[in-house]
Amino acid sequence: MQTLASPFLPSESSSDVTEPKLQTPNPKPSSPSPSVIRLWRPAAQRNLRNQWSKLVPLKQQWHSASSSGRSHAMSLVNAHLSERYIPAMNLGVLSDMPNIREKACKKLTQQQKLHQSRLLSSYEDMVVVVSHMANVSSSMRSFVKGPTSSPLLQFSSHSEENNDNGDGGGIPVFKFWSIPYFELVQMFGLELILKRMLLLELLSISCEESPQQTDTLSWSDELYPGEFDDLTACNLHSEHTFEPVPPRINGWKSDDQITKRANIQPDQKALEVYLTTWLEEVNIDTLRVDEIFAIVGGEMQIRLV
């Protein structure tokens, strides 16, 4: 006889689990029988362990991509400011060298293009991370797979029955069922959209001598091929406006949609604020993130680092 699963069941690499069925009732999917629940709980526990274990490397990948993006953004800003101020700089003994300012500006322009490309790549990496986080979050439930009258009872992280909520009829998986609903994905999603706004500004800066390059990007533009598909997977692309959702600060509500770029080049102080905002990640409460992983890890008796 198979007994109720304890929280110490080992994790499995797959979310599809096959368990021997002791009885063959035919309950409604929304109200599983006690025997189905008894077999469902260990499958749900293993699935939750697997899914939360996937979030740990994703969190690390986010920090790596964000740090890399900030480094590229800083290099981009430094090259931009150097190019902007070269015409007024006192070059000392270099002033007599022919075309020295033009050659320096050309070199700095090339550097800006390189850093912009690398910055965009870092942003793309962050979009992929949040997309994976959203997918993991949506896979935390455990659904009955196949007919319940089968000699074997199977479970999956994806629904096959419209009436199956994947929650065992509302019973807790461990001590409580609310662990899929922590605000992790929301925090990282809000931060991603905020970074998109900063990215848009940083991709649009140019030398004051080339004003025709400004205002070439708008909020509704796709910044790389397939970006909107990736943002849709993260629930960050609006079906009503057909563009990414507007950026905002977590916990702050406003009717103002800050999606329009100014038609002026940001000054040095504004650029410093952009870099600081990118670094601080104001939408991600680091202490809360650590607390969530500690609570979940303690509940599931595994170490989430």
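**Core and aromatic pairs in a predicted model**

Me: Which residues of the largest nonpolar core touch the most other members?
Reply: Of its 63 residues, Trp52, Leu55, Tyr123, Leu184 and Leu192 touch the most other members. Please keep in mind that this is a predicted model.

Me: And which elements each supply at least two residues of this core?
Reply: They are α1, α2, β3, α3, α4, α5 (268-280) and α6 (286-300).

Me: Which of them gives the most?
Reply: Helix α1 gives the most to this core, with 17 residues.

Me: Let us turn to the aromatic rings. How many aromatic pairs are there?
Reply: The count comes to 4 aromatic pairs. In one of them, the ring centres of Trp52 and Phe182 are 6.4 Å apart and the planes are at 80 degrees, so this pair is edge-to-face.

Me: Where do Trp52 and Phe182 lie?
Reply: Trp52 belongs to helix α1 (residues 34-85), and Phe182 to the loop between β3 (152-156) and α3 (184-204), so the pair ties together parts that are 130 residues apart in sequence.

Me: Are Trp52 and Phe182 buried or exposed?
Reply: Both Trp52 and Phe182 are buried.

Me: What about the rings of Tyr123 and Tyr224?
Reply: Their centres are 6.2 Å apart and their planes stand at 65 degrees, so Tyr123 and Tyr224 also make an edge-to-face pair. This pair links distant parts of the chain, with Tyr123 in helix α2 (residues 100-138) and Tyr224 in the loop between α3 and α4 (227-233), 101 residues apart. Both Tyr123 and Tyr224 are buried.

Me: Leaving aside neighbours within four places in sequence, what is Tyr123 in contact with?
Reply: With that exclusion, the contacts of Tyr123 are Leu192, Arg196, Leu199, Leu223, Tyr224, Glu227 and Leu231.

Me: Arg196 is in that list. Which ring does Arg196 lie over?
Reply: Arg196 lies over the face of Trp219, at 4.7 Å from the ring centre.

Me: And which ring has Lys59 over its face?
Reply: That ring is Phe293, with Lys59 at 4.6 Å from the ring centre. Phe293 is also part of a cluster in which ring pairs link it with Trp52 and Phe182.

Me: Now helix α6. How many residues does α6 have, and how far does it reach?
Reply: Helix α6 has 15 residues and reaches 21 Å from its first C-alpha to its last, close to the 21 Å expected at 1.5 Å a residue.

Me: Which residues of α6 are buried?
Reply: Val289, Ile292, Phe293, Val296, Gly297, Glu299 and Met300 are buried in α6. Viewed down the axis of α6, the buried residues fall within an arc of 165 degrees, so they line one face of the helix. On the other side of α6, Leu287 and Ala294 are exposed.

Me: Back to α1. Is Gly69 buried or exposed?
Reply: Gly69, whose place is in helix α1, counts as buried, at 0% relative accessibility. The C-alpha atoms of Gly69 and Arg118 are separated by 7.5 Å, although the two are 49 residues apart along the chain.

Me: One last topic: what is the phi of Asn235?
Reply: Asn235 has a positive phi of about 60 degrees although it is not a glycine. Asn235 is in the loop between α4 and α5 and is exposed, with a relative accessible area of 66%. Gln301 has a positive phi too, near 60 degrees. Gln301 lies in the segment after α6 and is partly exposed, with a relative accessible area of 46%.

Key: Residues are numbered from 1 along each chain as its sequence is written. This is a predicted model: local features need pLDDT of at least 70, side-chain atom pairs count only at pLDDT 80 or more; totals for chains, interfaces and linings use all residues. Side-chain values use heavy atoms; hydrogens and water are left out. Rings of Phe, Tyr and Trp (its six-membered ring) pair if their centres lie within 6.5 Å; planes under 30 degrees apart count as stacked, over 60 as edge-to-face and the rest as tilted. Helices (H or I, at least four residues) and strands (E, at least two) are DSSP runs, numbered from the N terminus. Buried means under 20% relative accessible area, exposed over 50%, partly exposed in between (1.4 Å probe, protein chains only). A charge sits over a ring if NZ of Lys or CZ of Arg is within 6 Å of the ring centre and within 35 degrees of the ring normal. A nonpolar core is a set of buried Ala, Val, Leu, Ile, Met, Phe, Trp, Tyr and Cys residues joined through side-chain atoms within 4.5 Å. Contact means heavy atoms within 4.5 Å. The expected span of a helix is 1.5 Å times one less than its number of residues. The arc is that of the directions from the helix axis to the C-beta atoms.
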